[in-house]
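Look at the open space first, then at the charged side chains. Keep the model in view as you read.

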Amino acid sequence: MNEKAYLKEIRKGNQEALNAFIETLYPSVYRYVFCKVAGKEEAKDITQEVFLRFIKQIHNYQSNGKVLAYLYTIAMNCCHTYYRKEKRFDYTELNDEISKDDYNLSEDVLHTLTFEELRLCLQKLPDKDQDILIFHYLKQMTFKEISQITNESENTLKTRHYRALAKMKKIIKDGDQHVS
């Protein structure tokens, strides 16, 4: 069943269509959230919240693109809310220490990290930097696709991507990514 058919059936109250819809999209949303938060339980709770919010608003939802992009937007907002409630890593020092010389990070460095090391590094970045790297590398989205989710221009995203890689280099260079 395609997205529009799922949505039509869900709006009619078809529980089987809702279950299949969630079963299909849950893993992608969960993986995104898991990269952004501290643990599996938090990721499960936030992912559940994403789908609850979507279901509550499904009658108002206008299909202007892929539903998954809309779910990522909800997930991004839920993660931001989560971190406003929790203490976060202070990345202002990290921003101050980034120099122009740090911008020559090879993307290959990201591929040498284990998933857990990468996740820990990402959590030390500001939310918007996390989002651009997760969407671009882990979800393999283009800057155009990311701009539709974040409502930012492609050029802004490319600049943020460039700076986020430099910050990652600083974190990796300082050895802060290792699991304790």
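Predicted model: local features only at pLDDT ≥ 70, side-chain atom pairs only at ≥ 80, totals over all residues.

Numbering starts from 1 along each chain as its sequence is written, and side-chain values use heavy atoms, with hydrogens and water left out.

The largest pocket has a volume of about 410 Å³. A pocket here is an open set of points on a 1 Å grid where a 1.4 Å probe fits, with protein on both sides within 12 Å along at least five of seven lines; lining residues have an atom within 4 Å of a point. Of the 17 lining residues, K66, A69, Y70, Q148 and I149 are the closest to the centre. Helix 4 (67-85) and helix 9 (143-150) each give two or more residues to the lining. Helices are DSSP runs (H or I, at least four residues).

The whole structure has 10 salt bridges. Each is a side-chain nitrogen of Lys or Arg within 4 Å of a carboxyl oxygen of Asp or Glu. K36 pairs with D127 at 3.9 Å. K36 lies in helix 2 and D127 in helix 8, so the bridge ties together parts 91 residues apart in sequence. Both residues are buried (under 20% relative accessible area; exposed is over 50%, partly exposed in between, with a 1.4 Å probe and protein chains only).

E49 and R53 form a salt bridge at 2.9 Å. Both lie in helix 3, four residues apart. E49 is partly exposed at 30%, and R53 is partly exposed at 35%.

How values were computed. Points joined across faces, edges and corners; volume = space filled by probe spheres on them.
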